[in-house]
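Dear colleague,

Please find below the structure that I would like to hand over to you. My notes on what was found in it follow directly after.

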Amino acid sequence: MQIGLSINEFLFCATLVTGLCRCAWRWKVRAMPEPPKRRPLWATLGADLFVVVALIFTCRVAVADWPRVPSGSMEPTLRVGDYLLINHLAYGPRLPFTNTAIEFGSPQRGDVVVFRYPHDVSQFYVKRLVGMPGDVVVFNDGTVSINGEPPDAQVLEDGALAALSIRRSAEDRGQWMVRESAGAPPRVLKINPFVRGRLPLNQEDPGISENCRSPRGGEWQCTVPAEHYLMLGDNRDASADSRAWGFLSHDQVYGKAVRVLFNFDEPERAWLPL
């Protein structure tokens with residue numbers, strides 16, 4: 001079992017400590033003939049902070065979370081500095097430390113999923129779910145096809161991007177904006193025309209070596225194993241995803257990103273649906 005230490009785990013510890021302080025002070029006061037005029041610092045912290053910390057922790061674990069996007073691997077869908085609204089009720093809340101789920105649902109193809117990075121579960125990553133368990137995913141020059149369906153991708157001009165509420169940034173210069181709809185609701189990708197997905201699969205990963213074959217760079221086929229997902233970034237040529245670290249285990253799923261809450265550098269992105 002992997003143990004993850006993130007802000008939620010620290011909030012859990014703070015909730016536990018302040019709750020114990022609160023209970024210990026109440027027990028001590030009951031044993032006194034009369035209440036003291038002043039409380040010690042530890043009792044004040046327990047009384048004043050417990051409710052606040054417990055509410056924040058409960059909200060982040062059971063209902064919603066608001067992490068910040070640190071990299072451009074999901075551009076143009078997500079931008080650096082976006083704060084995301086993560087819906088835990090979409091799949092079910094995760095218990096602290098273990099990421100064990102009280103499952104209400106399961107991820108679906110096309111979801112923007114937040115998960116614990118398989119090689120360091122204290123870190124959270126966000127990618128798009130491209131392949132479900134049992135899917136045969138064919139990747140060619142940056143785009144995918146699912147289960148034998150023909151690829152469905154087209155390069156978009158700026159006018160079409162504006163209709164989709166997508167605005168080019170400085171990082172998008174010289175990049176193709178491609179609308180892809182294979183096997184899931186349509187999404188817009190960013191592809192470098194000089195790279196076009198020619199990032200090699202990590203054949204040293206056991207899951208990749210057993211379930212994938214790649215005749216050349218930028219072309220491969222994978223069968224997604226049971227209880228796992230194939231995750232890709234929308235910025236197909238600048239994303240460390242399943243091509244690098246393998247398939248995502250179901251028990252590492254953390255939540256579903258549903259909206260951009262806000263971005264201090266781009267206020268117009270506030271409340272943008274994903």
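**Findings in the predicted model**

Four strands make up an open sheet, arranged in the order 6-5-11-10 with antiparallel pairing. Please keep in mind throughout that this is a predicted model. Strand 6 and strand 10 (212-216) are the edges of this sheet; each has a single partner strand, so one side of each is left without a neighbour in the sheet. On average, and with direction ignored, neighbouring strands here are turned by 15° against each other.

Strand 10 and strand 11 run antiparallel and are joined by three bridges. Within this pairing, arginine 213 stands opposite glutamine 221 of strand 11.

A second open sheet has three strands in the order 7-8-9, again with antiparallel pairing. Its edge strands are strand 7 (153-155) and strand 9 (187-191), each of which pairs on one side only. From one strand to the next, the twist averages 30°. Strand 8 (residues 176-180) is joined to strand 9 by five bridges, and the two run antiparallel. Tryptophan 176 has isoleucine 191, in strand 9, as its bridge partner.

Is glutamine 154 buried, partly exposed or exposed? Its relative accessible area is 44%; buried requires under 20% and exposed over 50%, so glutamine 154 is partly exposed. Leaving aside neighbours within four places in sequence, glutamine 154 is in contact with Met177, Val178 and Arg179. Glutamine 154 and threonine 143 are eleven residues apart in sequence, and their C-alpha atoms are 9.9 Å apart in space.

**Aromatic pairs**

How many aromatic pairs does a search of the whole structure find? The search finds nine. In one of them, tyrosine 83 and phenylalanine 262 have ring centres 4.8 Å apart and planes at 20°; stacking requires planes under 30 degrees apart, so this pair is stacked. Tyrosine 83 belongs to strand 2 (residues 83-87) and phenylalanine 262 to strand 14 (residues 253-262), so the pair ties together parts that are 179 residues apart in sequence. Phenylalanine 262 has a relative accessibility of 32% and therefore counts as partly exposed.

Phenylalanine 139 and tryptophan 220 form another stacked pair, with 4.8 Å from centre to centre and 0° between the planes. This pair also links distant parts of the chain: phenylalanine 139 is in strand 5 (residues 136-140) and tryptophan 220 in strand 11 (residues 219-223), 81 residues apart. Both phenylalanine 139 and tryptophan 220 are buried. Elsewhere, ring pairs link Phe115, Tyr117, Tyr125 and Trp245 into a cluster.

**The nonpolar core**

The largest nonpolar core has 15 residues, and those that touch the most other members are Val130, Val137, Val144, Trp220, Cys222 and Leu230. Strand 5, strand 6 (143-146), strand 11 and strand 12 (228-232) are the elements that give two or more residues to this core.

Which residues is cysteine 222 in contact with, leaving aside its neighbours within four places in sequence? They are Asp135, Val136, Val137, Leu201, Asn211, Cys212, Leu230 and Phe247.

Yours sincerely

Notes: Residues are numbered from 1 along each chain as its sequence is written. This is a predicted model: local features need pLDDT of at least 70, side-chain atom pairs count only at pLDDT 80 or more; totals for chains, interfaces and linings use all residues. Side-chain values use heavy atoms; hydrogens and water are left out. Rings of Phe, Tyr and Trp (its six-membered ring) pair if their centres lie within 6.5 Å; planes under 30 degrees apart count as stacked, over 60 as edge-to-face and the rest as tilted. Buried means under 20% relative accessible area, exposed over 50%, partly exposed in between (1.4 Å probe, protein chains only). Two strands pair if DSSP finds at least two bridges between them. Axes are lines fitted to C-alpha atoms, for helices over the stretch in contact, and angles run from 0 to 180 degrees between N-to-C directions. A nonpolar core is a set of buried Ala, Val, Leu, Ile, Met, Phe, Trp, Tyr and Cys residues joined through side-chain atoms within 4.5 Å. Contact means heavy atoms within 4.5 Å.
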